[in-house]
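Dear colleague,

Please find the structure below for your records. My findings follow directly after it.

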Amino acid sequence: MSKHVVVIGGGVAGLEVAGQLSRAGIEVSLIEKESKTGGHLNNWHRLFPDRRNSIEVKEYLDGMTHNQRIILLTNTTIERFNRNKGHFSITTNEGRELTADAVIVATGFDLFKSARKEEYGYGIYDNVITSADLEEMFRTGKITLANGSVPDTIGIVHCVGSRDEKVGNFYCSKLCCVTAVKQAVELREYLPESKVFCFYMDMRMGGAFYEELYREAQEKWGVSFIRGKVSEASETIENKLLIKVEDTLAGRPLKMKLDMLVLMAGMEMSEGGEKIAGLGGLNTGENRFFAAADNHFGSNKSNIEGVFFAGTCTAPMNITETISHARAAVVEVIDYLKDGK
Amino acid sequence: MDKFGYTISKERQIDYDSNNRGVASYIFEKEPSFRLCIECGGCSATCTTASFTDFSLRELNILIKRGENDQVRQNLKKCMLCGKCTLVCPRGVNTRNIVVLAIKAFQKSDNYEI
Amino acid sequence: MIIKGKKAVWNDYQKEIADNNYYYVRSCVRQNFFPGSETAFLKIMREELNKDVYEHPCHTTCTGIGYHGDIVPVETTMTVVARQFALMTEAGYENLLPSCITSFGLYTEILDTWHHFPEVEKKVRKQLKKATGREFKIPKNLAHASDVIFKFRKEIGAKARYKLINKNTGEPLKVVDHIGCHYAKMFPSRGIGGAEYPYVLTGMIEEWGGQIIDYPERRHCCGFGFRQYLVQANRGFSIACSKEKFESMKPFKPDMIITNCPGCPMFLDRWQYVINEMEGKRYGQNGEGIPVFTYEEVAGLVLGYDPWDLGLQMHQTDCEPVLDKIGIEYAPEDKYKLNILPAYSEKHNLINV
């Protein structure tokens, strides 16, 4: 009898898991809370470090899942989640009952809600936007201020909601630095007359080709990097943003007027993930993400037998890492199911 | 003003918008590697002058970029142009040439309009 | 500026403010700085709003100035504050209403400390008992006097004789609000509107017809800062803080400044005179200064109280430009007639024990 696995979350990790499991002959139900799959990929225009169009990755993932026997349940959330004698029974918001031999949680991340950093005035000052808002502008090809004009000076604030005890996030979201550099380069491409400043605490360029992109941003695009956490923004009478930051390497506070401020929102455990953790009794860590059974050789395993994790529901990861993590989850599940459970 | 026993303190902030960054533009043009500095401090660590004075080439590079010209001008002459800093720079910045160009820039113009 | 976003922040920071039966504790310095303000507050509370406000003659300083000036150790401060609580308990009141922002901040800080470290509270209780024989209950409600005026801003608005509107142009007066640092910067959740976009004074101004200006250095300290002012040699630092604010607000052409702290109106008012003496600079329109008011003074003006009864002659930066813009009637010749004040305070039995 063929086995049935429920995958919770239809983002990058969930799609990869569903596709790979299906290829291995396992029946898959993929549950997605939105009306379409793809998760955050749908909101991102180009991807670091090579600035490829995100649609290419989406097409790969769709190719993995569309041709296989996967039951896709969109606009679906989980209301009940029980384990009974090695099987799982799951009840959806529409009252559908699913029985599964194993469950893969791929609930991903939520972007930090930047309005929580009140001092930056997101949602209050006209020209403070987030990294996600900027991606939307890149997609439409129109990078404009609230009044329709083109910005000359643009500041990018790293670590918004990351490495920040005040918002309860001690951890580094890992991808915002490279996103900032990528977006700085793109801003210079779209607006050759503009000046772009990145305000960082540390440049964490720890991925393949990240440092190269950083170097390119300096050398080719003239992006300025100023080490210091922006402490506050305010609006001047001419509707510019006055920011205060310490230029920590000059050892002096610095103030500057900018036309636009872009906040690099960090990654947080998703609300959906928190709900599943509660329903299923799954352990979460100090960073509120799901806690893996072992950090080194069990990063896909949960505290409950038969429930596995894939992707950014366990920690911030880039797409490459997410896909690798998802494949590793598939190996764990197949191994688990073959024991006749 | 003596009658109050104190005067109004001057701001320490770098006022980026008011500063003139003509010197920086001049160096960027003549020595593009100036852009590549990641402020690691390798240059200052190996610098003979830095061992005995408060001269810091790392800080100087930043101050030039911010347009804090008075401070730069005061410190430039401390450099003995030995070029050891250029040997250690991990980003391949021609650090010695930056100092040379800065000195030239200040000789060209008193008001930093280069 | 997206006002919807600000309103969302304001909604996040609401606080419970007692409705009646307040135990009012005065500020050490306000009666010297702006002597009409606390008097006006009591008159508004008792006569306009018919509230029960009680004062105790044995109330002392909370030691906040000494505490923030690094002179009084925290344990001493806590014991002094415990005694204030004891006086309130003995008088049968539960709603503490400080006039001073630093006291409010200090009481908030102490209550929070005791909440997290009950052993500290226990020790302080023991010390108080040993020293004075007194015992106390934790206040049921702690609100600053400006919170209470905020709570009743509509009632005051309904009785208003004047609105904060320029009678010649019909435009609302442009008002800068300045919130004392100790109001919400230490505990943002205890201040109406929080620390970044405080609403406590904005709410009053909007209700009484004025328009609030948000300028870049709105969050900056007035320059009092205790430590930087107390030593004469440091006063250049203090005045530079005020100057930074004036320079930043000037392009917005404010008509007046409203404050809710004892120190802020003092420094924003007096430093304008000193800056003018030192540098010949003024920040208001037509070569004038920008008049600075306490919220009680503004409430009193709105209610039609005589400016000299409110003590506005004690301001170093003349308040007349604002009085004239609003169209408030006053007798210029009475400005410095000191006999007005005693007559006013005798009429009201301010100390009620």
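C:Thr63 is buried because 23 other C-beta atoms lie within 10 Å; a residue counts as buried if 20 or more other C-beta atoms lie within 10 Å of its own, with C-beta atoms placed from the backbone. This is a predicted model, in which local features need pLDDT of at least 70, side-chain atom pairs count only at pLDDT 80 or more, and totals for chains, interfaces and linings use all residues. Residues are numbered from 1 along each chain as its sequence is written, while chains are lettered from A and ligands numbered from 1 in the order in which they are written.

In chain C, the loop between β2 (53–54) and α4 (64–68) holds C:Thr63; helices (H or I, at least four residues) and strands (E, at least two) are DSSP runs, numbered from the N terminus. Neighbours within four places in sequence aside, C:Thr63 is in contact with C:Val72, C:Thr76, C:Thr77 and C:Val80, contact meaning that C-beta atoms, placed from the backbone, lie within 7 Å.

Turning to chains A and B, their contact takes 14 residues from chain A and 13 residues from chain B. On the side of chain B that touches chain A, β1 (14–15) and α4 (57–66) of chain B are the elements that give two or more residues, and α4(B) supplies the largest share, four residues.

Strand β17 (residues 252–258) of chain A pairs with β1(B) in the parallel sense over two bridges; pairing requires that DSSP finds at least two bridges between the strands. Opposite A:Lys255 stands B:Asp15, in β1(B).

Yours sincerely

Definitions and conventions
Buried ≥ 20, exposed ≤ 12 C-beta atoms within 10 Å, placed from the backbone. Contact = placed C-beta atoms within 7 Å.
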